[in-house]
Amino acid sequence: MNHSDFMKIALSLAERRKGLTHPNPTVGCVIVKDGKVVGRGYHERAGKPHAEVVALQEAGEKARGSTVYVTLEPCSHYGKTPPCSDALIKAGVKEVFVALQDPNPLVSGKGINRLKEAGIKVYVGLCEEEARRLNEDFFLYIREKRPYITLKMAQSIDGRFATLTGDSKWITSEESRRLAHKLRAEASAILVGVGTVISDDPQLTVRHVKTDKQPLKVILDPNLDTPLSSKVFKEGRTIIFTSRREVEEIKKLNDVEVINLELVNGAFDLQEVVRKLYEREVMHLMVEGGGYTITSFLRAGLFDRVCVFQAPKFIGKGKGVGDLGVRRVSESITLKLREFKQLSSDVYLEYVRI
């Protein structure tokens, strides 16, 4: 095996915890001695030991003189856990391959420098592209101080999310729903408008795939019309944005936070919504609907990725993306296709901003 092969093992370890370590990045680590893997580790969740420490614990004395492969720069500061760079130095490792430098100012470059100052050889950039995509939400969260935003749509060939009567179950297949729930598991929070809550009564939980964390649920509800009996309140934490001040009844529910925001021209300022979520350590926000809410985020330019599940069906007149203010084709919001999958009878299309 070569260096890239060992780093890919580390990346696969990190992938196991994607979305479950927020607001921390997901990180994997592999320790190799005499061509054999002697230690493996991944960061389980915020507050738990980092990947390097877990791998060092497995390697034990075999870590001395070893080569380490880690998907993100080892930390160099005291947070909820001690610095990983210090742990690597103490273990006596010989060299460290780092896929990416950490963008966090508390770490960036400092962990690498500390290793070098201790006489450890450090190589940066192995499998960099794969590592960057794995933690693209963390990188944006640190750089732009807002959540990474995914818009998720399940639609017919003609772009309808629902019929004119509001019926939307089920446009796409069960296989599509499993992947959609995997995407939910990778998000910190799921956001919908109150219209979706009233018409669909969704749970907004991860059910079709295994997870040990449920995302935060966020509802945009200007007039506080969400029924108290809604399924969103049955499990997990929920945030409701509203302009109403009379919120005593809904605040009696367990794990519900009400955030008051003024309306601007009859709607929330989405920049302010996103800022409030960032303050609550929402690193990755998935916007699931409905059409008005998706349209509002598109018009505001507040998105980084668009995930489309498309079924081989025509609905005709129905509900979908609304007016984006586009009057010429040259004014269109143009994206880059990054991924394509066949899912049973459906297709999955993943786009990113150019």
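Which handedness, left-handed or right-handed, does the crossing of H3 and H4 have? The crossing of H3 and H4 is right-handed; right-handed applies if the near helix is turned clockwise from the far one by less than a right angle, left-handed if anticlockwise.

This is a predicted model: local features need pLDDT of at least 70, side-chain atom pairs count only at pLDDT 80 or more, and totals for chains, interfaces and linings use all residues. Residues are numbered from 1 along each chain as its sequence is written, and side-chain values use heavy atoms, without hydrogens and water.

**Helix pair**

Helix H3 spans residues 84-91. H3 and H4 pack at about 20 degrees, with axes 9 Å apart. H3 and H4 are therefore roughly parallel (angles under 35 degrees; over 145 is roughly antiparallel, 65 to 115 roughly perpendicular, the rest oblique). Axes are lines fitted to C-alpha atoms, for helices over the stretch in contact, and angles run from 0 to 180 degrees between N-to-C directions. H3 contributes Ser85, Asp86, Leu88 and Ile89 to the contact, H4 contributes Gly111, Arg114 and Leu115. Contact means heavy atoms within 4.5 Å. Helices (H or I, at least four residues) and strands (E, at least two) are DSSP runs, numbered from the N terminus.

**Sheet**

Five strands form an open, mixed sheet in the order S2-S1-S3-S4-S5. Two strands pair if DSSP finds at least two bridges between them. S2 (36-42) and S5 (121-124) are the edge strands; each has a single partner, so one side of each lacks a neighbour in the sheet. Neighbouring strands are turned by 15 degrees on average, direction ignored. S4 (95-98) pairs with S5 in the parallel sense over four bridges. Val98 stands opposite Val124 in S5. Helix H2 (51-59) lies across S1, S2 and S3, at about 140 degrees to S2.

**Loops and backbone**

Pro103 sits in the loop between S4 and H4. Pro103 touches Ser108, Phe138, Phe139 and Ile142, not counting residues up to four places away in sequence.

Most residues other than glycine have a negative phi, and most peptide bonds are trans. The peptide bond from His22 to Pro23 is cis, with omega near 5 degrees. A cis bond also joins Gly289 and Gly290, with omega about 0 degrees.

| Residue | Phi | Relative accessibility |
|---|---|---|
| Glu281 | about 60 degrees | 47%, partly exposed |
| Ser344 | near 55 degrees | 48%, partly exposed |

Partly exposed lies between buried (under 20% relative accessible area) and exposed (over 50%), with a 1.4 Å probe and protein chains only.
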